[in-house]
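The paragraphs below are meant to be followed with the structure open alongside.

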Amino acid sequence: MITIRVVDLRSDTITLPTDEMRKAMATAVVGDDVYKEDPTVNQLEETAASLLGKEAALFVPSGTMGNQIAVLTHTARGEEVLLDSEAHIYYYEVGGPAMLAGVQLRPVSDLLTDHGPEILKGSLRGEDLHFPHTSLICLENTFNRGGGTILSPHTMGRIYSIAQEHNLKVHVDGARIFNAAVSLGVDVRTFSQHCDSLMFCLSKGLAAPVGSLLVGTRQFIERARKYRKALGGGMRQAGILAAAGLVALQNVDRLAEDHANARRLAEGLAKLPGLGVDLAKVQTNIIVVNVNQPRSAADLTMALNNKGIKCSTFGPSTIRMVTHINVSKEDIDYALGIAKYLLQ
């Protein structure tokens with residue numbers, strides 16, 4: 001019987017908790033977090049706020065909930081939010097801002113590029129009876145649909161300055177913000193200083209099983225806490241989950257291994273016939289592969305999956321692959337071997 005080796009490159013959301021995390025979860029001291037009496041959750045929130053240079057933090061079940069709470073907290077019904085036309089909040093969050101906050105999302109092309117500040121300036125409208133009031137700008141770092149690219153601290157700073165000039169708040173979907181910091185070799189506060197609030201995920205590259213953190217001012221977080229409760233995010237004895245998050249935050253530098261594996265995979269795929277990879281955009285742990293042959297991206301994805309190489313279609317002619325803690329250098333070489341066999 002032939003055993004097919006499985007290399008799961010669909011996402012870094014499929015990471016498994018480490019043995020250290022499992023031990024921390026098993027021995028976590030817990031209480032009722034809705035009453036703010038879970039010491040492990042409190043420690044995680046204090047640690048996250050300190051790491052990001054913000055006054056306070058809120059532990060939430062998911063990144064999507066964190067983003068939606070941020071929109072609810074920063075805006076009023078009938079207002080407008082500006083964000084990139086490919087942003088996760090716009091593309092993958094089920095229309096939540098309209099459903100929950102009653103706000104209009106106005107997508108702007110190429111906001112998450114070096115030209116973002118100029119594009120933002122050109123997108124801001126004056127007061128007019130016919131226009132909704134713009135109250136919030138949402139950024140994303142790293143940029144998922146941009147292939148894991150990094151919005152530089154310099155560009156974020158310019159956007160934040162423009163926002164402040166126009167009395168706008170800035171929220172960052174920083175699901176993979178630590179990937180950005182590790183890739184550039186900078187403190188994560190280099191990014192977080194240029195926004196009013198930021199959400200980051202523990203359950204992606206940081207490998208915790210569940211959870212994200214929303215950070216901001218103490219006043220912002222207290223208001224956000226009410227929205228978390230309204231959305232069903234009061235998790236009671238959540239310290240069992242927070243314990244894994246504390247371990248995750250002690251191992252941020254390990255993300256560099258994922259980036260090295262992503263580069264190795266991208267360079268190998270770029271050499272294969274019928275595939276194309278923009279290596280300049282392989283900055284963190286996400287690779288977008290262009291399929292330039294008669295077979296579609298869906299067909300190639302299926303062929304790879306049948307050989308144990310799990311990946312995701314990202315469009316009619318694109319495939320996304322994501323490296324993470326459960327993918328080794330040997331796994332990368334094996335995946336490249338399978339891809340070469342299928343294409344040659």
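Helices (H or I, at least four residues) and strands (E, at least two) are DSSP runs, numbered from the N terminus. With that naming, H10 is followed by Gly-232, whose phi is positive, near 85°. The model is a predicted one, in which local features need pLDDT of at least 70 and side-chain atom pairs count only at pLDDT 80 or more, while totals for chains, interfaces and linings use all residues. Residues are numbered from 1 along each chain as its sequence is written, and side-chain values use heavy atoms, with hydrogens and water left out.

Helix H10 itself covers residues 218-230, and at 1.5 Å a residue its 13 residues should span 18 Å, which agrees with the 19 Å between its end C-alpha atoms; the expected span is 1.5 Å times one less than the number of residues. Buried here means under 20% relative accessible area, exposed over 50%, and partly exposed in between (1.4 Å probe, protein chains only). By these cut-offs Phe-220, Ile-221, Ala-224, Arg-225 and Arg-228 of H10 are buried. Seen down the axis of H10, these buried residues fall within an arc of 140°, so they line one face of the helix, where the arc is that of the directions from the helix axis to the C-beta atoms. An α-helix has 3.6 residues a turn, so residues three or four places apart point the same way. On the other side of H10, Gln-219, Lys-226 and Ala-230 are exposed. The buried residues of H10 pack against helix H2 (39-52), E2, helix H3 (63-74), strand E7 (197-201) and strand E8 (212-216), contact meaning heavy atoms within 4.5 Å.

Strands E2, E7 and E8 also belong to the sheet, an open one of seven strands in the order E2-E8-E7-E6-E5-E3-E4 with mixed pairing; two strands pair if DSSP finds at least two bridges between them. At its edges are strand E2 (56-60) and strand E4 (104-108), each of which pairs on one side only. Strand E3 (residues 80-84) runs parallel to E4 and is joined to it by five bridges, with Glu-80 standing opposite Gln-104 in E4.

Another helix, H14 (residues 329-343), has 15 residues that at 1.5 Å each should span 21 Å, and its end C-alpha atoms are 21 Å apart, which agrees. Its buried residues are Asp-331, Ile-332, Ala-335, Leu-336, Ile-338, Ala-339, Leu-342 and Leu-343. Viewed along the axis of H14, they fall within an arc of 160°, so they line one face of the helix. Among the elements that cover them are helix H12 (255-270) and helix H13 (297-306), together with strand E1 (7-8).

The annotated site comes last. The UniProt record, an unreviewed entry, places the feature "modified residue: N6-(pyridoxal phosphate)lysine" at Lys-204; UniProt positions are given in the numbering used here, feature names are shortened, and annotations may be inferred rather than shown by experiment. Lys-204 has its place in the loop between E7 and E8, and at 16% relative accessibility this lysine counts as buried. Leaving aside its neighbours within four places in sequence, Lys-204 is in contact with Asp-12, Thr-13, Thr-15, Ala-175 and Arg-176. In another loop, between helix H11 (239-249) and H12, lies Asn-251, which at 36% relative accessibility counts as partly exposed.
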